[in-house]
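Good morning, and thank you for making the time.

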Amino acid sequence: MTTKLFGEPVRRREDARLVTGQGRYLDDHGRDALAAAFVRSPHAHARILDVDVSDAVDVDGLVAIYTWEDLPGALAEPLPLLIPHPALTHGRTAYPLAREVVRHVGEPVVMVVARDRYLAEDACALIRVDYEILKPVVGVEEAAQGVHLVHDDVPGNVGANLVQEVPSPSGLSAREAIEAAPHTLAFRLDIERSASTPLEGRGVYARWDADDESLRVYSSTQTSTSVRMAIATKLGLPLPKVEVIAPDVGGGFGVKIVHPWPEEVLVPWAARLLGREVKWTEDRREHFVSSAHERGQVQYVRVGFDDDGRLLGLDVTILHDHGAYTPYGIIVPIITSTQLLGPYKVGAYRVEFSSIYTNTVQVTPYRGAGRPQGVFCMERTIDRIAAFLGRDRTEVRALNFIQPGEFPYDQGLTFQDGRPLIYDSGDYPESLRMLKELIGWDAFPEARARAAAEGRRIGIGIGCYVEGTGVGPYEGGHVQITSDGRVHVSTGLTSQGQGHETVFAQIAATELGVPIEKVSVVTGDTRRFGYAVGTFASRAAVMSGSAIALACRKVREKALRIAADALEADPRDLEISDGLVHVVGTPSASIPLATVAVLSNPLRYAFDEETQRATQFAGSSSPDRPPVSEGDEPGLEGRDYYSPVRSTFASGMHAAVVETDPETAEIKILRYAVVHDCGRLINPMIVEGQIHGGVAQGVGGALYEKMVYDEHGQLLNASFMDFLMPYATEVPRIETAHLETPSPLNPLGIKGAGEAGVIPVSAVIAAAVEDAEGIVVDRMPISPSDLHALRQARDAGITPGAP
Amino acid sequence: MNHAITLTVNGVVREVTVPGRRLLSDCLRHDLGLTGTHVGCEHGVCGACTVLLDGEPVRSCLTFAVTVDGHEITTVEGLASGGGLSPVQRAFSECHGLQCGFCTPGFLCTVTAFLRENPAPDHEEVVEAISGNLCRCTGYQNIVKAVHRAAEIQAEEAG
């Protein structure tokens, strides 16, 4: 049986090419293309006085050198501010090549095009840029003092300030509720920068067809449709003359949703100008200093609660470090400030964030997109309340949960999609019950005692999150069945390893009743589907999955109508299985979908034996009706879109057991457990893979990864030698359990799964270390050196996280 | 200055002229068109560029092409034999040991050489064997599983 594929661990159809070296990533294209390389600023903040290229022009193989002065029209303007917001009163974006001032190390200043990358870099090395060094602004708290400015016209370095408030059920403001509460706590939390760091960096390859006056661009992007519109606009080309393709992409994790990158407009521009293919492939250092980072925040928390630990009021002020520019608006701090609430009812809530400029790499979403910081804040808060009251941490959580009968639950805030933050479904008490069982929460005190008897320190931690997934505005799907019986599915959003070719084929095969082998899926190719938003915010399965299902249903309906005519049956009596339309209960009365496809397209000219059935003398259509009925279209195909009223909310809970070394302060994760609810599972194997990868990135963020800037704004660890991403030796075995509370918002009942794994990890590890050590942990990541310093501070009587 | 060198790549003798500074990774990818070998960091840390040099795993991004003149190289394109996937390739697919696939060629080459040396490794040995390769997608759990599964397939086929 081929049709029950939804929910099965179907093996990936991508793998055959990827395990044999037949994948086609960006740099695998354009073997004969010219290579671009960039002279980038070595200073965090400086005025460009002069660019001297005289030594570079003699480099053998040099083709062109460009600075900002060379850029025409819209290309000379700042790059787009992708997501404007009324609170972003001082949004600023970079020029494709720096104009007069550079504002972070790594900002592109000069573009060089040469016969190959070696020669382009030779020329870059010979270009002399004179700078007047300006005072760099580094560190969000320093920047917020506004002593020195990143942008002359942005007072106080404040790009945006946004306050959201929800009163208590009795009408008190958060601050009033906290004042009136029996107990209050106040503290400061510190979250370091990390970054998406896909193994493949960014890259662009452009081919200008002078005869056709058209441009084809390949980009390692998470949104080909939007890159296409940006290129057409920046280059002044008609949209139909520009096509953008996201080929195999070696990981994204958020950083590749930003667009257009300077290189994404400069490379196509140069290709057109030179009439030659041009390619730029980012190297690892470039990725560290000229793409994007995330996470960096300082949070000031005040909370009021009663004797049982019930939350009465929460007041959070966030300083969000958004780096030198704001191309992605204030999406990250909006998500932090709204998703902070997690599965809880907090009484009254006030959250204020200031989004602050610094002379560092810009900040845009990285998997989790602001949620890890929000969850860190909320979960650290609950742990402090539990510690204050001497209560079990899971009891305090359970006391504050939204209950299963309370959905849809309106948190009273505006979410990142501009829509109300209304949770659609979930079951948090059940999730907690499953997690406690999986990790053995109630039996942990005995384990701790046994370990202590051996001179070992172990601790347990927990973290809960709710994740808005599947944000709009829309995605579309196109499904075509051709006369050979093959099913061609396309959707505009892109893929970076999520297995879309497999899961979308599962959906199509299930909806249409065809063998999955007949289905092929194309994503991220504007030649196949021009309308799309992109792959981010755990939205691909929800958005494109739903759109493809809806498109399949249209095709199915048409197939049944045509087959009913041919079989002289009622469409309601027909079903499709194994690619055959047949009368229910009469399997012999059937017609292959391939034949239905032939009949759907009235022909004058046959091109094989099969298609002769659809020609004008074959007698397949009534002489009294037009061959294509009014309102109908030729072909067995359908297109549909899914545009939800608002996001759907996945959730989950993680727990970890860690051991800390009394001597070396090394932190080892002994166990890691995940309970995950993303609604109905399309492919459990792929969902688990997403969770594993997310947790691994979370472990990196919790224990190892940070961007170390010095006071001059130099990134000191811009290599894989120094930025410590986890290897297999650092990631624990992850134990998972699934809960499925279907979303009522989409036709498949699904919720997003892509980011979930990473979200609570820092909170969980901090809690477990705190439990093992009896030391308050107020920052992430926590390295052995950090833990050692915390131990010393404790011994000296200093309280961490004092406000 | 350019140098004419001869490499045996995946069993095929290839002659190529390269500058002295040409990295083996660039030579394979750009001069010979074997783009299955990927470059993730160009400083020898991520392992994506791992190929087999006379059967031993090396980082092709830290190797000059001229230094391997006359040697045998196996890339990911050469792991499948007789039209079928190798046990390691099959195991990675079976166990969902890859997502974006960019680091995968390096893992496949590393693991192929490892299982030749140690056909029945325990868990610690497997983790140790792959601990020089970075993957940002999978969290390694399914890669570890895939290495054990590959050992199993090899044993079945040998038996």
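Let me begin with I334(A), which is found in helix α8 (residues 331-339) of chain A; helices here are DSSP runs of H or I with at least four residues, strands are runs of E with at least two, and both are numbered from the N terminus. Please bear in mind that this is a predicted model, in which local features need pLDDT of at least 70 and side-chain atom pairs count only at pLDDT 80 or more, whereas totals for chains, interfaces and linings use all residues. Residues are numbered from 1 along each chain as its sequence is written, chains are lettered from A and ligands numbered from 1 in the order in which they are written, and side-chain values use heavy atoms, with hydrogens and water left out.

Is I334(A) buried or exposed? I334(A) counts as buried because its relative accessibility is 5%, the cut-offs being under 20% relative accessible area for buried, over 50% for exposed, and partly exposed in between, with a 1.4 Å probe and protein chains only. Leaving aside residues up to four places away in sequence, I334(A) touches H85(A), L162(A), F353(A), T414(A), F415(A) and Q416(A), where contact means heavy atoms within 4.5 Å. R371(A) lies 37 residues away along the chain, and its C-alpha atom is 9.6 Å from that of I334(A).

T615(A) sits in the loop between α15 (593-599) and β25 (636-642) of chain A. A polar atom of its side chain is 2.7 Å from the backbone oxygen of Q612(A). Beyond four places in sequence, T615(A) touches L603(A), R604(A), Y605(A) and A606(A).

I turn now to the strands. Strand β9 (residues 203-209) of chain A has five of its seven residues buried, so β9(A) is largely enclosed by the rest of the structure. Which strands pair with β9(A)? One is β12 (residues 278-281) of chain A, antiparallel over four bridges; pairing requires that DSSP find at least two bridges between two strands. Here A206(A) has V278(A) as its bridge partner. Another is β10 (residues 214-219) of chain A, also antiparallel, over six bridges, with D209(A) opposite S214(A). The hairpin of β9(A) and β10(A) has four residues between the strands, and E213(A) takes a positive phi near 50 degrees.

Strands β3 (residues 50-53) and β4 (residues 56-59) of chain B run antiparallel and are joined by four bridges, and T50(B) stands opposite R59(B).

Finally, the interface. In chain A, 54 residues are in contact with 49 residues of chain B. How many salt bridges does the rule find across the interface of chain A and chain B? There are four, a salt bridge being a side-chain nitrogen of Lys or Arg within 4 Å of a carboxyl oxygen of Asp or Glu. One joins the side chains of R21(B) and D122(A), at 2.7 Å from N to O. On the side of chain A that touches chain B, α1 (15-18), α2 (117-126) and α16 (684-704) each supply at least two residues. Of these, α16(A) gives the most, with eight residues.

Methods
Polar contact = N/O pair within 3.5 Å; in protein donor to acceptor, adjacent residues only side chain to side chain.
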